[in-house]
Amino acid sequence: MNKTVYMDYAATTYVKEEVLNEMLPYFTEKYGNPSSFYGLSRETKRAIDLSRERVAKAIGAEDREIFFTGGGSEADNWAIKGIAFAHRNKGNHIITTKIEHHAVLHACEYLERNGFEVTYLDVDADGFVNIEELKAAITDKTILVSIMFANNEIGTIQPIKEIGNLCREKKIYFHTDAVQAIGNIEIDVKELKIDLLSLSAHKFYGPKGIGALYIRKGIRIDNLIHGGGQERGKRAGTENIPGVVGLGKAIELATSNIEEKNKKLIKLRDRLVEGLLKIPYSHLNGPKSGENRLPGNANICFRFIEGEAILLSLDFEGVCASSGSACTSGSLDPSHVLLAIGLPHEIAHGSLRLTLGDGSTEEDVDYVIEVLPPIIQRLRDMSPLWEDFIKGENK
């Protein structure tokens, strides 16, 4: 099988040529440590400053509010633990949701083992948080609300502006994991009343191992990494200069012409979904309205079979896809997101996530629509669940 069709852009993206070209000199020519004082180092310091400026501009922030991290998971951990430990004298209660990325959920579980209380909000069948339930969960001990901007598995875009306004009104810090949102949604942290925002370069055609955390000016936060005085004393460690440069260029490209790029993605996604829902006993997970769903996200469950078997069969046909979050792809447990929206275990196990990106084409979509139906039928023919169902139907 020589053909490769990549449909896992939510897991990671390729590095764009323009991004790589800006990065390359900082590996071999402009390699000075930005903490030193000579010309070579001043050059790398200027590169960091430019990238910080680019990230700030992309989300409507100020340069001094952007701090580079080792990725989105680190940014999530820093935001949640940093606020919790810096403000535990004011309260020990945190609110999040049951469909967050594990970087958020596991950070919250860690805090629970260290004297904090966490409320995990339910979501509805499409993955949306209920604002009234959020409001009811707030107590006089609540110091932080952490709710993702857009879900990595089912594409749900949360009512971030309403959440931000509520948290600002209640004087509670609001953090959002925007790893999947950057490059897909216009974001202005000031307008949306966001206090902390996490992002990761490899989700929008930048390098892996580099991310950033926006921290609104004036917010006190504990350090996650201690050591030197880098990042204005908040995040120790010699900077990953090529990574920082790549992040800056990638976010500049990703946030230009979002509307135009989304038109293409939405058209391809709708074509894909329409084609795959013709398969009997299939169901689209997440929002049915395109306005509230990430433009390149399609998450579909196929009853009576398991997602892992679908993935192996698709891989044989050259199709790269996922059954959920890339960070949990080695787990045999069903997706916590799909369980949270009310799917029973046996149906959640049969879900497939296909995510489109800048390299996706109509030919790719049509190829998947062609090869997937016979795969589903073959796997169902081998399934005792399908056999029992057919027997029941024929009674």
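This is a predicted model: local features need pLDDT of at least 70, side-chain atom pairs count only at pLDDT 80 or more; totals for chains, interfaces and linings use all residues.
Residues are numbered from 1 along each chain as its sequence is written, and side-chain values use heavy atoms, leaving out hydrogens and water.

- The axes of helix α10 (residues 307-316) and helix α13 (residues 362-381) come within 10 Å and cross at roughly 135°, with angles running from 0 to 180 degrees between N-to-C directions of lines fitted to C-alpha atoms over the stretch in contact.
- That makes α10 and α13 oblique to each other.
- In α10, Ala309, Ile310, Ser313 and Leu314 meet Val371, Leu372, Ile375, Ile376, Arg378 and Leu379 of α13 (contact means heavy atoms within 4.5 Å).
- Sorted by class, the residues of this α10 and α13 contact are eight nonpolar, one polar and one charged (Ala, Val, Leu, Ile, Met, Phe, Trp, Tyr, Cys and Pro count as nonpolar, Asp, Glu, Lys and Arg as charged, and the others, Gly among them, as polar).

**A hole inside**

- Searching the whole structure turns up one cavity of 30 Å³ or more (on a 1 Å grid over the protein atoms alone, a cavity is a set of points where a 1.4 Å probe fits but cannot get out, and lining residues have an atom within 4 Å of a point).
- The largest cavity has a volume of about 310 Å³, a volume being the space filled by probe spheres set on the points.
- Of the 26 residues lining the largest cavity, Asn184, Lys203, Tyr205, Leu265 and Leu356 are the closest to its centre.
- The lining of the largest cavity has 11 nonpolar, 11 polar and four charged residues.

Key
On a 1 Å grid over the protein atoms alone, a cavity is a set of points where a 1.4 Å probe fits but cannot get out, and a pocket is an open set with protein on both sides within 12 Å along at least five of seven lines; lining residues have an atom within 4 Å of a point. Helices (H or I, at least four residues) and strands (E, at least two) are DSSP runs, numbered from the N terminus. Angles under 35 degrees count as roughly parallel, over 145 as roughly antiparallel, 65 to 115 as roughly perpendicular and the rest as oblique.
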